[in-house]
Amino acid sequence: GLRFQTGGAVLQVDRWLISRANFLEQAYTLMSHHAKRKTALQVEFEGPLESGIGSGVHVSFFTDAAALLESFAENVTLTAQSGVPMWIVDSEARGGDGGDSEQLLCELFPHSLLGASAAAADAVCRRFQLLGWLFAKALMDQQLDERLLPLRLSPLFLDLALGRLVLHPLPRVDEIATDVDT
């Protein structure tokens, strides 16, 4: 890690090199290691076409992770690998015109894991764990840049995740007491 001193405060920065190949798995490994650390994170990309350091490259790590996590192609790939998608896909998912859009166009809401195998649920939950780590680090770094994690999450999903909305089970018809006027 690097250490910087500004006005009496010491800022420790952990710098990491990541490849774009198998990006989400590498991002998961990096964030699982870095998630509990209180140091700043600085990411650089490995490869002959990659260059530069600093905030632009760092922001690119978060925006690229967000783009992959919400992409239609990744949702399809995850479904093919595990049998369960991360996000619910509606009829407007790719613009409704059969276009080649890479992004899901609807607000993102998690797909149900009911009936999924343990391995399938684990694969999807790893994606959500990565999402949570990215959110936490982006919130810590928000003072540096507010564009770090541009995801179009459903407001209902956010309310559920933040505990602002509690779902109660629906009453069953067979539990209704019947009052018959005779």
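Which residue's side chain does the side chain of His-34 join in a polar contact? And could you walk me through the area from there?

Reply: It's Lys-137: this is a predicted model, and in it the side chains of His-34 and Lys-137 are joined by a polar contact of 3.1 Å. His-34 sits in helix H1, which covers residues 23-34. With a relative accessibility of 0%, His-34 counts as buried, because the cut-off for that is under 20%. Setting aside neighbours within four places in sequence, His-34 also touches Asp-14, Trp-16, Thr-39, Ala-40 and Leu-41, along with Lys-137.

The lining has 13 residues, and Asn-22, Leu-24, Glu-25, Gln-81 and Arg-127 lie nearest the centre. By class, you get 6 nonpolar, 3 polar and 4 charged residues there.

Now for the aromatics: the whole structure has 8 aromatic pairs. Take Phe-128 and Phe-157: their ring centres are 6.2 Å apart and the planes sit at 70°, so this pair is edge-to-face. Phe-128 belongs to helix H4 and Phe-157 to helix H5 (residues 155-161), so the pair ties together parts 29 residues apart in sequence. Phe-128 is partly exposed, at 21% relative accessible area, while Phe-157 counts as buried at 15%. There's also one aromatic cluster made up of Phe-23, Phe-45, Phe-61 and Phe-62.

Methods: Residues numbered from 1 in each chain as written. Predicted model: local features only at pLDDT ≥ 70, side-chain atom pairs only at ≥ 80, totals over all residues. Heavy atoms only, no water. Helix = DSSP H or I, 4+ residues; strand = E, 2+ residues; numbered from the N terminus. Buried < 20%, exposed > 50% of the residue type's maximum accessible area, 1.4 Å probe, protein only. Polar contact = N/O pair within 3.5 Å; in protein donor to acceptor, adjacent residues only side chain to side chain. Contact = heavy atoms within 4.5 Å. 1 Å grid on protein atoms, 1.4 Å probe; cavity = no way out; pocket = protein on both sides within 12 Å on 5 of 7 lines; lining within 4 Å. Nonpolar A, V, L, I, M, F, W, Y, C, P; charged D, E, K, R; others polar. Phe/Tyr/Trp six-rings, centres within 6.5 Å; stacked < 30°, edge-to-face > 60°.
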